[in-house]
Amino acid sequence: MAKSIKNTVILAKLQTAIGAPAVPTGADDAMLVTNPSHTPVSATMVSRDLIRPYFGTSQQLSAGVHTELSFDVEIAGSGVPGTPPAWGLLLVGCYFAETVTDGSDVKYAPVSLKPDTPLTIYYYLDGLLHQLTDAYGTVSFDLESGAIPKMTFKFMGAYNAVTDTPLPAGTDFSKFLTPKLALSANTSWSMFGYTGPLKSLSLDIANSLNWFQLIGEEGAEVDDRQPTGKIVMELSKVSDQDWWTAAKDATLGPLTVQQGMMAGNIVLFEAPQAQISNLSYSDQNSKALLNGDLGLSPQNGNDELVITVK
């Protein structure tokens, strides 16, 4: 019988240590996702390059075998200020530190040392179970006017044998709130103090995610990050904000975006040292738009993009 991609469930749980796989359950660890994409066996192929008295391909051997998985998650809070959102552990797997202030907020700030609590991720596909263990990843964020704000995650993890396993029973997605659309009533933003009409904004933590392999040790790791972004906004007057001089002079300044206005469902993005460059113009229904690339630099270190859920 053919399998259906719609019969997909993703579970994720933080491990207590590297090399100690967790056991996520549908009741406690289900991730509410869209747009899953999975590479069950990713490897570097090494050709034997055999010399023989006839044409033909040589066998290729697999090195650095691992598994990759990406998916989108809607941006929304946890429902209670000071309670981590259900997707918060995914950020921890993307080299973010989680700081909880009871009754107030939960902050996620990037780190430069490898977290010792990677993820175990179960990917069920209509009776097949794929497991990623010791998984780390990277993440980007997208907000567009009139659309659902989303995060896109990409993870690498150790390969585990695929098994015939039914979908988990009692899958519970109740920890995920219904998102608010990116609209004037739900979204606010500011860059260099300017708050004019915004069409879209994307921010990418851009972790340099790779699979390393040594004799005796291998795994996923992040060895750098170069956060970037893109912005599209209504073209304004120079007196409102001189983006052209800011781009020419490589000016650094604060960028903030808040999604949600009600306590318990607010997600705030703060980049203290944003830079705009590569300006261009575009058209939407005869309305002139300004497009720019963004760079996010650290101010004091490990603070180039801080996410607060409150």
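N35 is exposed, with a relative accessible area of 55%. Here exposed means over 50% relative accessible area, buried under 20%, and partly exposed in between, with a 1.4 Å probe and protein chains only. This is a predicted model, in which local features need pLDDT of at least 70 and side-chain atom pairs count only at pLDDT 80 or more, while totals for chains, interfaces and linings use all residues. Residues are numbered from 1 along each chain as its sequence is written, and side-chain values use heavy atoms, with hydrogens and water left out.

Start with the backbone at N35. The residue sits in strand β3 (residues 34-47). Helices (H or I, at least four residues) and strands (E, at least two) are DSSP runs, numbered from the N terminus. N35 is not a glycine, yet its phi is positive, about 55°. Most residues other than glycine have a negative phi. A206 has a positive phi too, of about 55°, and is not a glycine either. A206 belongs to the loop between β12 and β13 (207-214). Its relative accessibility is 23%, so A206 counts as partly exposed.

Next, the strands around β12. Strand β12 (residues 198-204) pairs with strand β15 (residues 228-234) in the antiparallel sense, over six bridges. Two strands pair if DSSP finds at least two bridges between them. S202 has K230 of β15 as its bridge partner. β15 also runs antiparallel to strand β18 (residues 287-297), and seven bridges join the two.

Now the aromatic contacts. The structure holds 10 aromatic pairs. Rings of Phe, Tyr and Trp (its six-membered ring) pair if their centres lie within 6.5 Å; planes under 30 degrees apart count as stacked, over 60 as edge-to-face and the rest as tilted. F71 and F153 make a tilted pair, 6.0 Å centre to centre with 40° between the planes. F71 lies in strand β4 (residues 60-74) and F153 in strand β9 (residues 150-159), so the pair ties together parts that are 82 residues apart in sequence. Both F71 and F153 are buried.

Y95 and Y136 form an edge-to-face pair, with 5.6 Å centre to centre and 65° between the planes. Y95 lies in the loop between α2 (88-92) and β5 (96-101), and Y136 in strand β8, so this pair ties together parts that are 41 residues apart in sequence. Y95 is buried, with a relative accessible area of 3%. Y136 is buried as well, at 1%. Ring pairs also link W189, F192, Y194 and W243 into a cluster.

The empty space comes next. Rolling a probe the size of a water molecule over the atoms shows where empty space is left. On a 1 Å grid over the protein atoms alone, a cavity is a set of points where a 1.4 Å probe fits but cannot get out, and a pocket is an open set with protein on both sides within 12 Å along at least five of seven lines; lining residues have an atom within 4 Å of a point. Grid points are joined across faces, edges and corners, and a volume is the space filled by probe spheres set on the points.

The largest pocket holds about 370 Å³ of space. Its lining has 20 residues, with S145, S184, P197, L198 and K199 nearest the centre. β8 (128-144), β11 (187-191), β12 and β18 are the elements that give two or more residues to this lining. By class, the lining of the largest pocket has eight nonpolar, eight polar and four charged residues. Ala, Val, Leu, Ile, Met, Phe, Trp, Tyr, Cys and Pro count as nonpolar, Asp, Glu, Lys and Arg as charged, and the others, Gly among them, as polar.

The second largest pocket has about 240 Å³ of space. It is lined by 16 residues, and D28, P85, A86, L89 and K175 are the closest to its centre. α1 (26-29) and β2 (30-31) are the elements that give two or more residues to this lining. α1 gives the most, with three residues. The lining of the second largest pocket divides into 10 nonpolar, two polar and four charged residues.

The structure holds one cavity of 30 Å³ or more. The largest cavity has a volume of about 50 Å³. L32, E74, A76, G77, A86, W87, K175, F176 and L177 line it. This lining of the largest cavity has six nonpolar, one polar and two charged residues.
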